[in-house]
Amino acid sequence: MRLRSSAAGVFLTLAVLLSSALGAYQLSSAEAADLPNIRISDNRHAAGKLDGRTLTLALETGTGIWRFDGDDKPGPAMQALGEVGGPLQIPSPMIRVAAGTEIRLSIRNKEGDGALYMHGLYDRPAPGDTIVQIAPGETKQINFRLSTPGTYYCWGSRSDKPMTARMGADSQLAGAIVVDPVGVKPDPKEEIFVITEWLDAYRTNGAPVFSAALAVINGRSWPANRKLEYTEGEAVKWRWINASMEDHPLHLHGFYFRVDSRGDGLADKLYPVGNERDWVVTEQVMTGETITTTWIPTQPGNWIFHCHNPYHMRQHFPFEMLQSKAFPLRASPEFFTALAATREMAGMVLGVTVKPKDGPRYNPRTPDGRRKIDMTVEATPESTDQVPSLRYVVDNNRRPEALSRAAGPLLVLTQNEPTQVHIRNQMKQMTTVHWHGIELESYFDGVGEFGGDPKRGQSPMIHPGHDFTAKFTPPRAGTFMYHTHMVEAEQSEGGLAGPIVVLKPGEKFDPNRDHVILATPARNFAEQGRILLVNGVNPPEPIEVVAGQKHRLRFINLHTFETGLTAELKEGSTFAVWRALAKDGRDLPASRQTHRAARQMVSIGETFDFEFVAKAGGEYKLEMTNPRFNKVWTTIPIRVVASPTRRAELIQPTGTPPAAADWKTKLALLLPSWTTKAEVSPVPPLPSADGFFEAACLPQPRS
Ligand SMILES: [Cu+2]
C-alpha cells in the first residue's frame, strides 16, 4: 500500500500567509545591474572533471538575477551555485557519474550570505541525511563515493530547517546527482528535471495572497522553458527530482506513464519490471522525493505535462506586479481584473510535441459521436466577484437538485463508444474543458492555444458566447474526470470540475453499488481551509451498502490545493479492508488487485477504485483526512442496510453550508502542525545495478 502523507496545499496556505512577514526581495535597478545573469541549466552537461573513477569539482555560491520567464524578462536576485570560473546555474551544476566514482568536491561559501547548509553530499545509498555547514568565506572539501545507480540530489539552505521551510533567496540551491550503471551510457534523449519553488517575492499587504508560489521545472517557468519533441512510438524517459518545499502531483495529458523508480534522495528503489510498476496519468512526488518515468506517445500532437496543483501551473502575475505594493488582494475586484488579463499557463508546465511517424501522411480521425452530450458552462445567479460560482449543466438538466451542487454532474460513458460533447460557453470569461485521463486526440484535450496537430490546427480557447465540440472514444473503462483548463484554480473552485465513469459495453451504472467520491474545495475562499465538498456538497451524503454485497468506491481528487487528501475507511477504530481495483482509470494487474487496509492517499488529479464488502452489523465510516496534519476534513457516513433505500439517481439536494470562517481562523487551524517533519517511508536499496532503464519499454495496450 502506498501511504505517504502530504503537507502541500495546507503548507502552501500557511507559507503564503507567512510570506508577508518575510518581506519582498526588491532591488533597485542599479543593484540589479551589478549582478550577473544566472544561467538556466537543462541538466545536459555533467559538472566537474572526470579522471578515471574520480570526479573533481569546485563549486561556489553567488547571487545573480534569475530570469525564470526568459532571458529578456525581469527577474529577482537569487542565490545560486556555479562551478568556480563558470556562471551561476539554476538548477545547480549536475553531478553525473558511473557507479563507483569518487567525488572530490570543494564548495566555497562566498562571504556575506551567511552560513550555508548543504545536504546530499555523501555516499549513496546513505543511511540518513547529513548536513555540511560552511561558514561565510569558508571553503570546504567534501569527498564521497557514489556506488549505487539511481537519481539523487543535493540542496543548500541558509538555515538548518527542512526543505519544506525553504522558500526565499536560497530556494533555488539544488542540483541533480545521477549515478549510471557501469558500462551504460547516458541516453542523450533522457531528461532530468529538478523542481524548485520560490515564495519570498510576493508582497501581500498583510493579507493572504493564495496564488503566489512560483514552482518551476529546471529554473524556467512556462512558456519560457524548452519545448520537448518526440516521434510517435518513441520511448520518453524522464527523471524527476522534487527539491521544492511542496509536494507536486505530476500529470500527463493523453497517455499513461510508467513509474520505474522512486527515491528519497538517500536511496533509490527501482521497481521490478512488469506488474510492480504503476501506469498512471498522475503521480505525486513528495518534497525531497525522486521518480523516474517512461511513457510512449502513441498519438501525435501537442501535449502538456504539468503539476496538477492549479496554483503551480496557472499564470503567475507579471513580475513587476508581484513586486509592487499595489498587488491586489485575492478575490478583490482588482485581483479578478488582473486575472482576466492572464490566459496563459505558467510555472510547472512542460510542452511536448509528438511528431507523427508517418510524417505529413498522418491523418487524425475521431469518429463523430454516437453518444451526444450537450454541456453548458455558465455562472450561477449567485456568482459574485468575491465568490465566483460557475457550473456545468449537462443535457439541460436544470432540476434544482442538479443545479445545487458545486461540482459538475456525473458523466457515465461507455468504453469504445464514439462520444461527442457540445460545449457552449455562456460565461463572461474564456474556458476550455479537459477530459482528464482519457486517451484522445490532442485537439479535443482542452488545452487552448497549445493542443492540436498540424492537420486539425490548434485547439481553441472557448470564448464567451462561443462553442466547441469535443470528440473522443474512451478506450478503457474506469474512473476519470472533466474540468476546466483555463485560469484553473479560480474556475475549478467556482465549480467547473466533475466526475466521469466509463463502463464496459453492456454494463449499466448502478448507483446503489457504485459510489463516486469526488473531492473539491468550497467555492468561498474563506471556507476553503476547513470545508471539503464531496460530490459538490457539504456535509457529504451517506453511502449505503448492503452487507455481503460488492460495492465499488471511486475516489477522485479535484481539489485545488489539498495534495495530501487521504481516504480512510474505518471499521470501529481500525481500518476496514478493501480490494484495490484501479488507479487513474486503469485496472491494476490481477496480481495487484489485493485486499489491503482501507487507507489511500488520493492526490489532486488522481483516481483510485476499490471494492468494499461490508459485514452484517459492521459499523463503518469513511474519513477524508490529511494524516500529516491530523486533519479530518469530513466524515462520510457508511450505512449498512439490508436493502438499499438510496435514490436511484445521483443528484441529491445540497446540505446547508456552514458559516464562513475568516482567514485568521483558517491560519489558527493550520498553525499547530505546519512544522511536522515529513514521513519518509524506508526505501530498500536498489536490488540490481543492471540497466537503470530497460532498453525498450512495454507498449501500452489501447484496447
Ligand atoms: Cu505542484
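**Confidence, cores and one lysine**

Colleague: What does the protein average in pLDDT?
Modeller: This is a predicted model, and the protein averages a pLDDT of 84, with 81% of the residues scoring at least 70.

Colleague: Changing topic, which residues touch the most other members of the largest nonpolar core?
Modeller: They are Tyr153, Ile177 and Ile195, in a core that holds 88 residues. Domain 1 (8-355) and domain 2 (371-673) each supply at least three residues to this core.

Colleague: What is Ile195 in contact with, leaving aside neighbours within four places in sequence?
Modeller: Its contacts are Ala215, Ile217, Trp240, Ile241, Asn242, Ala243, Ser244, His248 and Met348.

Colleague: Which residues does the second, separate core include?
Modeller: That core has 67 residues, and among them are Leu410, Ala497, Leu533 and Phe555.

Colleague: Now Lys372, where does that lie?
Modeller: Lys372 lies in strand 25, which covers residues 371-379. Between Lys372 and Gln420 there are 5.1 Å in space, C-alpha to C-alpha, although the two are 48 residues apart in sequence.

Colleague: Why does Lys372 count as partly exposed?
Modeller: Lys372 has 13 C-beta neighbours inside 10 Å, and because a residue is exposed at 12 or fewer and buried at 20 or more, a residue in between is partly exposed.

How values were computed: Residues numbered from 1 in each chain as written. Predicted model: local features only at pLDDT ≥ 70, side-chain atom pairs only at ≥ 80, totals over all residues. Core = buried A, V, L, I, M, F, W, Y, C linked by C-beta atoms within 7 Å. Domains from an automatic or database assignment. Contact = placed C-beta atoms within 7 Å. pLDDT = per-residue confidence, 0-100. Helix = DSSP H or I, 4+ residues; strand = E, 2+ residues; numbered from the N terminus.
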